[in-house]
Amino acid sequence: MNPALTRYRVIAWIVGVLLIVLTVGTVLKYTTDDETIVALVGPAHGFLYMVYLVLAADLARRAKWTIGFTVLILLAGTVPFLSFVAERVVTRRVQAVSAGSAVRSTV
């Protein structure tokens, strides 16, 4: 499950950074009438958020998450800074499960 977790972690960080940049761009758009950042970052964030959804759903399937937890993780890419929190929660959860299964397999 490590490759799926790594893919998720990378895309969560990318989407998180782009969402922060997009938020700053949106503030600038409405305060200075400069739409440059939104025009450049908006489509990239939209596309990469779709990639985030696919990779998070793949990890959720592999890790056998509940529907509720999966939905919360999928929505984390829509709130600035929340994707970073979600990435840490997911990483700890997946690593704890992996460590537990490794201990069980050696006993």
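At 1% relative accessibility, Glu-87 counts as buried, where buried means under 20% relative accessible area, exposed over 50%, and partly exposed in between, with a 1.4 Å probe and protein chains only. The side chain of Glu-87 forms a salt bridge with that of Arg-88, at 3.9 Å from N to O; a salt bridge is a side-chain nitrogen of Lys or Arg within 4 Å of a carboxyl oxygen of Asp or Glu. Arg-88 is itself partly exposed, at 32% relative accessibility.

The model is predicted, so local features need pLDDT of at least 70 and side-chain atom pairs count only at pLDDT 80 or more, while totals for chains, interfaces and linings use all residues. Residues are numbered from 1 along each chain as its sequence is written, and side-chain values use heavy atoms, leaving out hydrogens and water.

The protein contains four helices and zero strands, giving the pattern α-α-α-α along the sequence. Helices (H or I, at least four residues) and strands (E, at least two) are DSSP runs, numbered from the N terminus. The C-alpha atoms fill a box of roughly 65 × 20 × 20 Å along the principal axes. The radius of gyration of the protein is 16 Å, whereas a compact globule of 107 residues would have one near 13 Å; this quantity is taken over C-alpha atoms, and the globule rule is 2.2 Å times the number of residues to the power 0.38. Of the 107 residues, 32% are buried.

Turning to charge, the protein has 10 positive and 5 negative side chains, and the centres of the two sets lie 24 Å apart. Lys and Arg count as positive and Asp and Glu as negative, without His and the chain ends; each charge is placed at NZ of Lys, CZ of Arg, CG of Asp or CD of Glu. Side chains of opposite charge can pair when their charged atoms come close. Five salt bridges are found in the whole structure.

One of these joins Asp-58 to Arg-7, at 3.7 Å from N to O. This pair links distant parts of the chain, as Asp-58 lies in helix α2 (residues 36–63) and Arg-7 in helix α1 (residues 2–32), 51 residues apart. Asp-58 is buried, with a relative accessible area of 17%, and Arg-7 is partly exposed at 36%.

Asp-58 also forms a salt bridge with Arg-61, whose closest N and O atoms are 3.1 Å apart. Both residues belong to helix α2, three residues apart, about one turn of the helix. Arg-61 is exposed, with a relative accessible area of 56%. A network of salt bridges links Arg-7, Asp-58, Arg-61 and Arg-62.
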